Amino acid sequence: MDETHNNKVSLAKGAKDIAKEAKRQAAKNVGKAVDRASDEYSTHRSYNRFQDEEEDENNYNANDQHANDEEGASSDDTEGHDDEDEIYEGEYQGVPAHNEGKLRDGQVALGQPVSDSLKSHKELESERQTDEEELAQQYELIMQECGHGRFQWQLFFVLGLALMSDGVEVFVVGFVLPSAETDMCVKNSGAGWLGSVVYLGMMFGAFFWGGLSDKLGRKQCLLISMSVNGFFAFLSSFVQGYSMFLVCRMVSGFGIGGAVPIVFSYFAEVLAREKRGEHLSWLCMFWMIGGIYASAMAWAIIPHYGWSFSMGSAYQFHSWRVFVVVCALPCVSAVVALTFMPESPRFLLENGKHDEAWMVLKHIHDTNMRARGEPERVFTVNRIKVPKQLDELVEMQNESANPVLKVLYKIKAELRGIWLTFMKCFDYPVKDNTIKLAIVWFTLSFGYYGLSVWFPDVIKHLQADDYASRVKIHNNERIEDFTFNFTLENQIHRNGMFLNDRFISMKIRSVTFIDSSFLNCYFEDVSSVGSFFQNCTFVDSFFYNTDVDDAKLTNSRVINSSFHHNKTGCQMTFDADYSAYWVYFVNFLGTLAVLPGNIVSALLMDKIGRLSMLGGSMVLSGISCFFLWFGTSESMMIFMLCLYNGLSISAWNSLDVVTAELYPTDRRGTGFGFCNAMCKLAAVLGNLIFGSLVGITKAIPILLASSVLVAGGLVGLRLPDTRANVLM
């Protein structure tokens with residue numbers, strides 16, 4: 001009789017459970033339909049539906065568990081406490097658990113999904129993709145609740161310092177190159193390597209640090225990369241050999257290569273959709289500020305050759321080395337400021353770190369609300385969707401293994417992870433976008449960096465032609481018993497005769513003596529920069545503390561003459577060097593010319609669209625190259641340089657925004673790093689190709705730059721519009 005009664009009770013409970021489940025599913029479907037019909041930007045829309053689904057499932061599981069407990073589950077008083085009674089790890093901090101109500105291992109409930117261990121990898125990938133799409137929608141709503149305020153502006157200036165360091169690094173190469181190669185006595189065969197190795201270092205650094213940021217985090221990788229840059233940039237100012245200087249600058253470039261891909265990925269992940277385009281464009285201004293800072297410091301420091309000291313003849317610390325130290329300051333400031341900023345919450349969620357992400361988002365919300373004067377506003381997010389975490393095969397090592405081998409295995413695993421993430425950038429649906437972005441980055445960089453090298457070199461070529469046209473020629477002169485204690489500059493002396501003359505404390509700049517004779521002459525404290533003695537004869541002459549050596553005595557005869565305490569190293573002088581100031585001033589104007597383009601692109605980025613601005617800017621930049629035909633003077637070339645920079649900056653800003661928005665979070669750093677690596681590769685090729693054409697022809701650089709820019713702009717118009725996208 002009791003058994004029959006129990007069967008009836010169980011049947012009744014089962015019927016009630018079925019009815020409750022049917023009612024719950026019906027209400028759930030109606031709720032979803034209502035949510036889809038509501039306006040996405042309505043103030044009443046929230047992410048409650050993301051939480052309700054989990055709460056309904058949790059309640060259903062709890063009901064099942066309660067029924068099981070009534071039918072014979074042992075109590076805590078007799079069996080000890082259950083796992084559910086344990087304090088949640090983040091509960092003391094108020095962090096809600098994202099897995100409340102889930103069944104413990106070994107539990108099976110009716111209607112529950114199949115265990116992950118029984119699913120194929122493709123099924124798990126599909127579930128993760130669904131979770132990421134759901135997280136993208138919810139995260140957008142969370143960022144809207146957090147608002148845009150003090151936290152974003154703090155991060156804006158911190159990341160701006162890092163981006164400023166990248167701009168400084170690019171300009172340091174051009175400003176230091178002539179001084180460093182002259183100071184270290186680099187022959188023409190070795191000249192020019194400095195610019196190439198720095199860009200090569202930045203190319204590998206962009207790919208490596210961008211990929212690593214998808215594994216270790218945005219903040220951590222940016223801190224390490226900027227520290228590498230700052231340390232080796234500082235070290236490069238003290239090394240004396242040119243080969244060691246090249247190594248230090250290459251490693252410094254490797255470090256700063258991670259700045260651009262990580263900075264834009266990091267900042268994009270804390271911005272709401274309606275703020276992203278505009279504020280990423282404002283962030284681009286720091287690259288311009290870096291160029292202005294480098295130009296101003298170069299103008300203020302390098303020409304002042306007196307800002308130097310030496311320790312004997314072995315160690316020289318000239319003014320250009322002071323400039324290198326000063327240019328490392330933005331990097332050091334960025335490292336210090338970055339230590340106080342949190343990790344990207346979007347990255348944390350992507351990697352299953354729900355509690356850390358929730359705390360960072362709450363910090364963002366509370367910081368912005370306090371700044372608004374609304375500290376009472378409560379962060380209402382209970383749970384955030386976390387994508388399914390797919391297990392990866394990891395090669396386990398014995399605990400007693402060699403520590404060095406452990407490090408090597410760790411490096412090998414990270415490099416393999418970076419490569420696998422990179423290969424995912426060529427999977428559907430981002431494969432076509434990756435190829436198009438690489439083409440646009442390459443073409444824009446090839447034209448920009450190529451012309452950036454060509455413009456200053458053309459201006460120098462025009463200056464050299466003008467300088468040569470003003471040379472003074474002296475023929476068959478005879479000077480006897482005269483003291484030269486002033487500067488000789490831009491002169492040619494042919495068949496001269498110098499008898500009993502004294503050359504004391506003077507400078508000889510760009511002076512050539514041809515078929516001249518020096519009889520019983522005295523040279524003391526003489527610097528002869530760019531000067532040579534061709535087919536000359538020195539008889540009974542005395543040289544003390546001069547830089548006249550065999551390299552400057554071309555086919556000359558030295559008879560009964562002596563050299564004492566010759567100056568070692570290569571002599572540098574900037575006194576009355578108009579061209580040095582002029583180069584820095586030209587670069588300053590060219591960098592300042594991008595300011596209007598920066599402002600326009602920031603204000604119109606979300607109004608006319610990223611693609612229209614990208615394609616239009618590149619096409620207009622290509623057309624502006626044709627005006628170079630009329631650049632026959634320095635002033636005209638400077639105007640062309642400013643016009644080109646002003647038109648092309650909008651393309652750079654748009655490309656940064658589009659690249660950050662097109663890639664999913666799990667490969668955003670990798671994809672951005674690959675595109676930026678293509679940018680630096682194009683810079684190397686542009687420097688080599690355009691630099692070799694200076695003084696030869698205008699037609700090839702103009703046609704090459706125009707065709708490349710226009711073609712890249714047309715490809716850019718084929719990219720998908722990302723204005724309405726949430727960050728996947």
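Is the crossing of helix 17 and helix 23 left-handed or right-handed? In this predicted model, the crossing of the two helices is left-handed.

The protein contains 23 helices and 16 strands. Of its 728 residues, 48% count as buried. Among contacts in the protein with a separation of 6 or more, 68% are accounted for by residues 24 or more positions apart.

Two packed helices are described by the angle between their axes and the distance between the axes. For helix 17 (residues 431–469) and helix 23 (residues 699–716), the axes come within 9 Å and cross at roughly 155°. Because angles over 145 degrees count as roughly antiparallel, helix 17 is roughly antiparallel to helix 23. On the side of helix 17, the contact is made by Lys436, Ile439, Val440, Thr443, Leu444, Phe446, Gly447, Leu451 and Trp454. Helix 23 contributes Pro701, Leu704, Ala705, Val708, Leu709, Gly712, Val715 and Gly716. By residue class, this contact comprises twelve nonpolar, four polar and one charged.

Helix 23 itself has 18 residues. The distance from its first C-alpha to its last is 26 Å, close to the 26 Å expected at 1.5 Å a residue. Buried positions in helix 23 are Pro701, Ile702, Ala705, Ser706, Val708, Leu709, Gly712, Gly713 and Gly716. The elements that cover these buried residues include helix 17, helix 20 (610–624), helix 21 (634–662) and helix 22 (668–691).

Helix 8 (residues 242–256) was examined in the same terms. Its 15 residues should span 21 Å at 1.5 Å a residue, and the end C-alpha atoms are 21 Å apart, so the two values agree.

Among the strands, strand 13 spans residues 542–546 and includes Thr546. Thr546 has a relative accessibility of 0% and therefore counts as buried, the cut-off being under 20%.

Notes
Residues numbered from 1 in each chain as written. Predicted model: local features only at pLDDT ≥ 70, side-chain atom pairs only at ≥ 80, totals over all residues. Heavy atoms only, no water. Axes fitted to C-alpha atoms, helices over the stretch in contact; angles between N-to-C directions. Helix = DSSP H or I, 4+ residues; strand = E, 2+ residues; numbered from the N terminus. Parallel < 35°, antiparallel > 145°, perpendicular 65-115°, else oblique. Left-handed = near helix turned anticlockwise from the far one by under 90°. Contact = heavy atoms within 4.5 Å. Nonpolar A, V, L, I, M, F, W, Y, C, P; charged D, E, K, R; others polar. Expected span 1.5 Å × (residues − 1). Buried < 20%, exposed > 50% of the residue type's maximum accessible area, 1.4 Å probe, protein only.
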